[in-house]
Amino acid sequence: MLEKTTTQRVIPIESPSFVREEHLREAGNPVFLFPRRCPLAMEIGCGTGDFIVQLARRRPDLNFLAVDIYNQGCLKTCRKVDRQQLDNIRVLRMEARYLMTRYLGPASLEALYLNCPDPWPKKRHHPRRLVNAGFLEMVRYFLAAGGEFFFCTDFSDYAQQVAALFPFPGLDNCLPAPCVSRLEGYPFSKYMRNFSESGQPLYFMRYRKASRFPGSELAPPPFSASNSPLLGGGAA
Ligand SMILES: C[S@@+](CC[C@H](N)C(=O)[O-])C[C@H]1O[C@@H](n2cnc3c(N)ncnc32)[C@H](O)[C@@H]1O
């Protein structure tokens, strides 16, 4: 049966890799969703799963949360995960900041990946962009010491906007420049592949959470639906 929403037809996902919120609530913590106890990593906006599936195959020593609000994307990601029999990916259809603040503990992520987030190209929509100072506070809070935040965009002005947020206390640049056009060994997502094949440049950033950062135990500002454009708030 199809559940109909105002924006999309929601196809039920029957996959052992897919985790509904009730299940996550019962588990209490995402670490219990996996057959093996390994450090946890997360991709925000996994889309159709191309990136996370490649990475999870290379890194059986990590467990991955693939998070997207898009039902069809989650469905396609689950199909890839199941086809490749990867037991170190769990797919969740949730708003990423909601998931993090509701279900993750501080310093619980070894890595956080954000590839080609929605660019919101119109200037008046820039406040809808996911990455801002409040988001970086969340990144800093949820990354373990030494954990890494990877960001890639095809929009030069989004790259500039993010680069302008640094230096950001507690997050150290791992690269020789604020952003680079290639990251050796970094898998391509579907969008990255499409942009790259059409000759458009990509901008990569990589930051590491400092091992000692005073105040990193302080929780970031609470995330609420009222300040999320995706969930009804934000700029018009
Ligand atoms: C432009 S697509 C990129 C998909 C994929 N990362 C790639 O590079 O191929 C952005 C994706 O992020 C998802 N997304 C946007 N904001 C999100 C949020 N706050 N939480 C979870 N997913 C989000 C969208 O549904 C969409 O699938």
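These are my notebook entries on one predicted model.

**Entry 1: the whole chain**

I began with the secondary structure. I find seven helices and nine strands in the chain. Next I looked up burial. Of the 236 residues, 35% are buried. Then I checked how far apart in sequence the contacting residues sit. Taking contacts with a separation of 6 or more, 75% are between residues 24 or more positions apart.

**Entry 2: the nonpolar core**

Which residues touch the most other members of the largest nonpolar core? I get Met-42, Ile-52, Val-67, Val-91 and Leu-112. That core holds 54 residues.

I followed Ile-52 further. Leaving out residues up to four places away in sequence, Ile-52 touches Glu-43, Cys-46, Phe-64, Ala-66, Thr-77 and Ile-89. Ile-52 belongs to helix α2, residues 50–58. I listed the buried residues of α2: Asp-50, Phe-51, Ile-52, Val-53, Leu-55 and Ala-56. What covers them? The cover includes β3 (40–44), β4 (63–67), α3 (71–83), β5 (89–92), β6 and α7.

**Entry 3: strand β4**

Five of its five residues are buried. Which way do they point? Asn-63, Leu-65 and Val-67 point one way, while Phe-64 and Ala-66 point the other way. I note the rule behind this: side chains in a regular strand alternate between the two faces of the sheet. Here the residues on both sides of β4 are buried.

How does β4 pair with β3, and over how many bridges? The pairing is parallel, over five bridges. I also looked for the residue opposite Val-67 of β4, and it is Ile-44. Val-67 was also on my core list, among the residues touching the most other members.

**Entry 4: helix α6**

I moved on to α6, residues 156–163. Its buried residues are Tyr-158, Ala-159 and Val-162. Seen down the helix axis, they fall within an arc of 100°, so they line one face of α6.

Pro-167 lies in the loop between α6 and β8 (171–173). A cis peptide bond joins Phe-166 to Pro-167, with omega about 0°.

**Entry 5: the loop between β6 and α5**

I checked for positive phi in residues other than glycine. Cys-116 has phi near 45°. Trp-120 has phi near 40°. Cys-116 sits in the loop between β6 (109–115) and α5 (133–142), and Trp-120 is also placed in the loop between β6 and α5.

Are these residues buried or partly exposed? Cys-116 has 21 C-beta neighbours inside 10 Å, and because the cut-off is 20 or more, it counts as buried. Trp-120 has 18 other C-beta atoms within 10 Å, so it is partly exposed.

**Entry 6: around the ligand**

Last, I looked up the ligand shell. It has 20 residues, and Gly-45, Gly-47, Cys-116, Ser-189 and Tyr-191 come nearest.

Which helix gives the largest share of the shell? Helix α7, residues 190–197, contributes three residues. By type, I count eleven nonpolar, five polar and four charged residues in the shell.

Methods. Residues numbered from 1 in each chain as written. Predicted model: local features only at pLDDT ≥ 70, side-chain atom pairs only at ≥ 80, totals over all residues. Helix = DSSP H or I, 4+ residues; strand = E, 2+ residues; numbered from the N terminus. Buried ≥ 20, exposed ≤ 12 C-beta atoms within 10 Å, placed from the backbone. Near = placed C-beta within 6 Å. Nonpolar A, V, L, I, M, F, W, Y, C, P; charged D, E, K, R; others polar. Arc of directions from axis to C-beta. Core = buried A, V, L, I, M, F, W, Y, C linked by C-beta atoms within 7 Å. Contact = placed C-beta atoms within 7 Å. Pairing = 2+ DSSP bridges.
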